[in-house]
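Please keep the sequence and the model in view while reading.

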Amino acid sequence: MKLKSLFASLVILIASSMSLQAAEQQSVTLDVENFTCTMCKYTIKKALKNVEGVESVDVNPDNKTASVVFDPQKTAIEALINATTQAGYPSTVKE
Ligand SMILES: [Cu+2]
């Protein structure tokens, strides 16, 4: 009986921490300039992944965009734009 309630509170604890984690994520899509070939995708992806707080990067060479999921507590959109620009690909937030 006691173990069962302990288990139930544990489940609630895990579930609440998971939703908390989801709330800490922000996503943005960037329009990326200077896309010349398919390899650019990897350069851009690497540059963004090196930014602390970036959770995932999805570069789309067809649309010339990069979708980034990041932790807004650790980084900001300006840092993402700066990272692609430093790599030779200036970017702007897709409207
Ligand atoms: Cu290229």
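Which residues of the largest nonpolar core touch the most other members? They are Ile44, Leu48, Ala66, Val68 and Leu80, out of 13 residues in that core. β1, α2, β2, β3 and α3 each supply at least two residues of this core. The model is predicted.

**Overall fold**

- The chain contains 3 helices and 4 strands.
- Along the sequence, these elements follow the pattern α-β-α-β-β-α-β.
- Of the 95 residues in the chain, 16% are buried.
- Take the contacts between residues at least 6 apart in sequence: 63% of them join residues at least 24 apart.

**The sheet**

- The 4 strands form an open sheet in the order β2-β3-β1-β4, and their pairing is antiparallel.
- β2 (54-60) and β4 (91-93) stand at the edges. Each has a single partner strand, so one side of each lacks a neighbour in the sheet.
- From one strand to the next, the twist averages 25°.
- β2 pairs with β3 (residues 65-70) in the antiparallel sense, over 6 bridges.
- Within this part of the sheet, valine 59 has alanine 66 of β3 as its bridge partner. Ala66 is also one of the core residues that touch the most other members.

**Helices on the sheet**

- Helix α2 (residues 40-49) packs on the sheet and touches β1 (26-32), β2 and β3.
- The direction of α2 makes about 165° with that of β2.
- Helix α3 (residues 77-86) lies across β1, β3 and β4.
- α3 runs at about 35° to β1.

**Leucine 80 in focus**

- Leucine 80 sits in helix α3.
- Is leucine 80 buried or exposed? Leucine 80 counts as buried, because it has 23 C-beta neighbours inside 10 Å, and the cut-off for burial is 20 or more.
- Which residues does leucine 80 touch, leaving aside those up to four places away in sequence? The contacts are Val28, Leu30, Leu48, Val51, Val68, Phe70 and Thr75.
- Two of these partners, Leu48 and Val68, are listed with Leu80 among the core residues that touch the most other members.
- Leucine 30 is another of the contacts. Leucine 80 and leucine 30 are 50 residues apart along the chain, yet 8.9 Å separates their C-alpha atoms.

Terms used: Residues are numbered from 1 along each chain as its sequence is written. This is a predicted model: local features need pLDDT of at least 70, side-chain atom pairs count only at pLDDT 80 or more; totals for chains, interfaces and linings use all residues. Two strands pair if DSSP finds at least two bridges between them. Axes are lines fitted to C-alpha atoms, for helices over the stretch in contact, and angles run from 0 to 180 degrees between N-to-C directions. Two residues are in contact if their C-beta atoms, placed from the backbone, lie within 7 Å. A residue is buried if 20 or more other C-beta atoms lie within 10 Å of its own, exposed if 12 or fewer, and partly exposed in between; C-beta atoms are placed from the backbone. A nonpolar core is a set of buried Ala, Val, Leu, Ile, Met, Phe, Trp, Tyr and Cys residues joined through C-beta atoms within 7 Å.
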